[in-house]
Amino acid sequence: RFDGVLERFKTTNNDFESAKTEANSIAERFNQVKAKRFERFMEAFKAIEKNIDKTYKELTFTKTAHGIVSGRAYLTLEAPDEPYLSGVKYHVTPPSKELRDMDQLSGGEKTVAALALLFALHSYKGAPFFVLDEIDAALDNQNVGRVARYIKKRSIDLQCIVISLKEFFYEKADALIGVCRDEATSSSTTLTLDLIDRCGPPNAQN
């Protein structure tokens, strides 16, 4: 009887040691994945954080009688130790204004802030092209001009299809594409006007 109990004890102990070894191995692999997750998250965060202020400054660059002014933007982590488990806060200070929450910004200010974030994300992991649908709807003429100039400046490495009703965007475009109804086929068709071939490259600084 004792031998039987001893045998069961040895079997149970071996199972325990095997389970403990497996648990330690799983914990080690989990910590490795966790560390890699943190590393990749922070790599992306730091790259975007580095570019977002620069991008926002370019989109808000303004010449005034008192000199040149621009806004400021930065990101903060709600949980620095495990940032992927919580949120990322986005802070902007429009030109000549105080720091304020996003929900206190005007529609145009929110649009410019959102574009700065979009382009900062692109600086880390670029997309082949963007489709921007009436991003200028809440923008005044000055901000339309700044955004159009920025997109034109970035056209070397960033292609954008912008759906817009503002003439300033037309002036900065490489080509215009219109959609109209084809009466013969009762379907939509497109018309394309290549402005570079007809007018030469537009000046991004104007």
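The structure is a predicted model, in which local features need pLDDT of at least 70 and side-chain atom pairs count only at pLDDT 80 or more, while totals for chains, interfaces and linings use all residues. Residues are numbered from 1 along each chain as its sequence is written, and side-chain values use heavy atoms, with hydrogens and water left out.

Helices and strands are DSSP runs numbered from the N terminus (H or I, at least four residues, for helices; E, at least two, for strands). The expected span of a helix is 1.5 Å times one less than its number of residues. Helix α2 has 18 residues, and its first and last C-alpha atoms lie 26 Å apart, close to the expected 26 Å. Its buried residues, buried meaning under 20% relative accessible area, with exposed over 50% and partly exposed in between (1.4 Å probe, protein chains only), include Val112, Leu115 and Phe119. Among the elements that cover the buried residues of α2 are α1, β4, β5 and α3, where contact means heavy atoms within 4.5 Å.

A pocket is an open set of points on a 1 Å grid over the protein atoms alone, where a 1.4 Å probe fits, with protein on both sides within 12 Å along at least five of seven lines, and lining residues have an atom within 4 Å of a point. The largest pocket holds about 650 Å³ of space. Of its 20 lining residues, Cys160, Ile161, Val162, Ala173 and Ala175 lie nearest the centre, and β6 gives the largest share, 5 residues.

A salt bridge is a side-chain nitrogen of Lys or Arg within 4 Å of a carboxyl oxygen of Asp or Glu, and the count comes to 8. Glu82 and Lys34 form one of them, at 3.2 Å from N to O; because Glu82 lies in the loop between β3 and β4 and Lys34 in helix α1, the pair ties together parts that are 48 residues apart in sequence. Lys153 pairs with Glu58 at 3.0 Å, so that helix α3 is tied to helix α1 across 95 residues of sequence.

Methods: Points joined across faces, edges and corners; volume = space filled by probe spheres on them.
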